[in-house]
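Please look over the sequence and the 3D structure before reading on. The briefing below goes through them topic by topic.

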Amino acid sequence: MYHVIINPASRSGKGRKLWEQMELVLKERNIKYRVIFSEYPGHVIKIVSKLTDPLEKYGHINLIVIGGDGTMNEALQGIMDFSAISVGYVPTGSSNDFARALNYPRSVSRMLDNILGCTAPTLLDVGQITYLDAKDENGEPMTITRRFDVSCGIGFDAAVCEEAMHTDGTKGLLNKLGLGKLTYITIALKNLLAETGVKISYTLDGGEPVRLPRFLFIAIMQNKYEGGGFMFCPNADPTDGLLDLCIVSIRHKIKFLVAFPFAYSGKHVWFKGITCTRASKVRISTTGELWVHTDGEVHRKSRDFMVETLPDKLRLLM
């Protein structure tokens with residue numbers, strides 16, 4: 001029995017069209033399934049939370065998620081018991097960085113064959129961010145966490161993601177034309193000119209804080225890619241129990257414009273002011289609130305947060 005969650009809005013309706021193809025295969029093979037269409041942002045979280053709630057007594061769940069990186073991110077937020085669920089994923093978004101890093105086949109039929117034929121799920125690390133400055137409506141400290149399977153970040157890349165989330169008309173048109181990546185590139189060029197004046201420091205695995213005199217962004221990666229194919233951390237491995245960081249503190253922005261295209265091949269690390277490093281736990285503090293993203297989804301600003309990796313957490317059918 002497979003529970004299938006579909007984001008019908010992903011990539012301007014591509015998710016629904018792919019499901020129609022997949023459903024024929026499931027019927028031909030007499031495979032039992034239950035399909036649920038997500039109806040609004042956050043709906044996938046509620047669906048998966050109910051499926052993996054021990055009180056519901058579903059037993060072990062085989063889930064297939066059809067959607068983009070954001071849909072997969074919502075599924076991660078909803079999992080209450082990771083040992084009780086195995087997840088298959090069919091990417092239909094405009095970025096698909098999670099699938100790109102794992103060398104997914106382009107053929108939908110091959111993806112489905114891999115999912116249905118998987119007898120030993122691949123164990124993947126999951127990243128988790130904890131906002132240390134979160135407060136409730138009464139101003140009292142509270143704990144807010146979010147998980148990610150691609151990346152999280154603060155600064156320039158998060159600001160790009162935040163604006164992209166509010167450009168549905170442009171993004172939708174470009175997706176229909178197969179040019180969804182242009183959404184991010186156009187917004188990125190505009191945000192590059194913005195000045196925040198915020199200072200930042202980071203700490204790796206409880207060591208001494210490192211203060212950056214200049215700062216564009218820090219990307220904290222579980223996988224190699226973000227933003228539709230930018231290989232910000234070429235050596236990132238979602239099975240090594242570590243986070244990879246891309247720290248960009250280039251003095252002149254024109255230099256970053258030169259380095260930016262090299263990120264598609266991972267060669268941006270040749271430029272002075274761009275550093276890649278690794279840790280299992282990272283703390284970031286800033287002098288002012290900035291947008292923070294998880295898998296391209298932006299939910300809040302922060303000035304103090306911790307990021308850690310949860311090893312071998314996600315059971316992926318692949």
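The model is a predicted one. Its chain has nine helices and 14 strands. Of the 318 residues, 53% count as buried.

**The chain as a whole**
- The accessible surface of the chain comes to about 14900 Å². Carbon and sulfur atoms account for 51% of that surface.
- Among contacts between residues at least 6 apart in sequence, 73% join residues at least 24 apart.

**Helix 6**
- Helix 6 covers residues 156-164, and eight of its nine residues are buried, so this helix is largely enclosed by the rest of the structure.
- The buried residues of helix 6 include Phe156, Val160 and Cys161.

**Aromatic rings**
- The structure holds 14 aromatic pairs.
- In one of them, the ring centres of phenylalanine 217 and phenylalanine 256 are 6.1 Å apart and the planes stand at 75°. Planes over 60 degrees apart count as edge-to-face, so this pair is edge-to-face.
- Phenylalanine 217 lies in strand 10 (residues 217-221) and phenylalanine 256 in helix 9 (residues 253-259), so the pair ties together parts that are 39 residues apart in sequence.
- Both phenylalanine 217 and phenylalanine 256 are buried.
- Phe217 and Phe256 also belong to one aromatic cluster, together with Phe156, Phe230, Phe232, Phe260 and Tyr264.

**Arginines over rings**
- Arginine 16 lies over the face of phenylalanine 37, at 4.7 Å from the ring centre.
- Arginine 100 has its charged end over the ring of tyrosine 225, 5.8 Å from the centre of that ring.

**Two loop residues with positive phi**
- Asparagine 30 is found in the loop between helix 1 (14-28) and strand 2 (33-37). Its phi is near 60°, a positive value in a residue other than glycine.
- Is asparagine 30 buried or exposed? Its relative accessible area is 70%, and exposed means over 50%, so asparagine 30 is exposed.
- Aspartate 295 is placed in the loop between strand 13 (281-294) and strand 14 (297-316). The phi of aspartate 295 is near 55°, again positive in a residue other than glycine.
- Is aspartate 295 buried or exposed? Its relative accessibility is 6%, and buried means under 20%, so aspartate 295 counts as buried.

Definitions and conventions: Residues are numbered from 1 along each chain as its sequence is written. This is a predicted model: local features need pLDDT of at least 70, side-chain atom pairs count only at pLDDT 80 or more; totals for chains, interfaces and linings use all residues. Side-chain values use heavy atoms; hydrogens and water are left out. Helices (H or I, at least four residues) and strands (E, at least two) are DSSP runs, numbered from the N terminus. Buried means under 20% relative accessible area, exposed over 50%, partly exposed in between (1.4 Å probe, protein chains only). Contact means heavy atoms within 4.5 Å. Accessible areas come from the Shrake-Rupley method with a 1.4 Å probe; for residues, only the protein chains shown count as cover. Rings of Phe, Tyr and Trp (its six-membered ring) pair if their centres lie within 6.5 Å; planes under 30 degrees apart count as stacked, over 60 as edge-to-face and the rest as tilted. A charge sits over a ring if NZ of Lys or CZ of Arg is within 6 Å of the ring centre and within 35 degrees of the ring normal.
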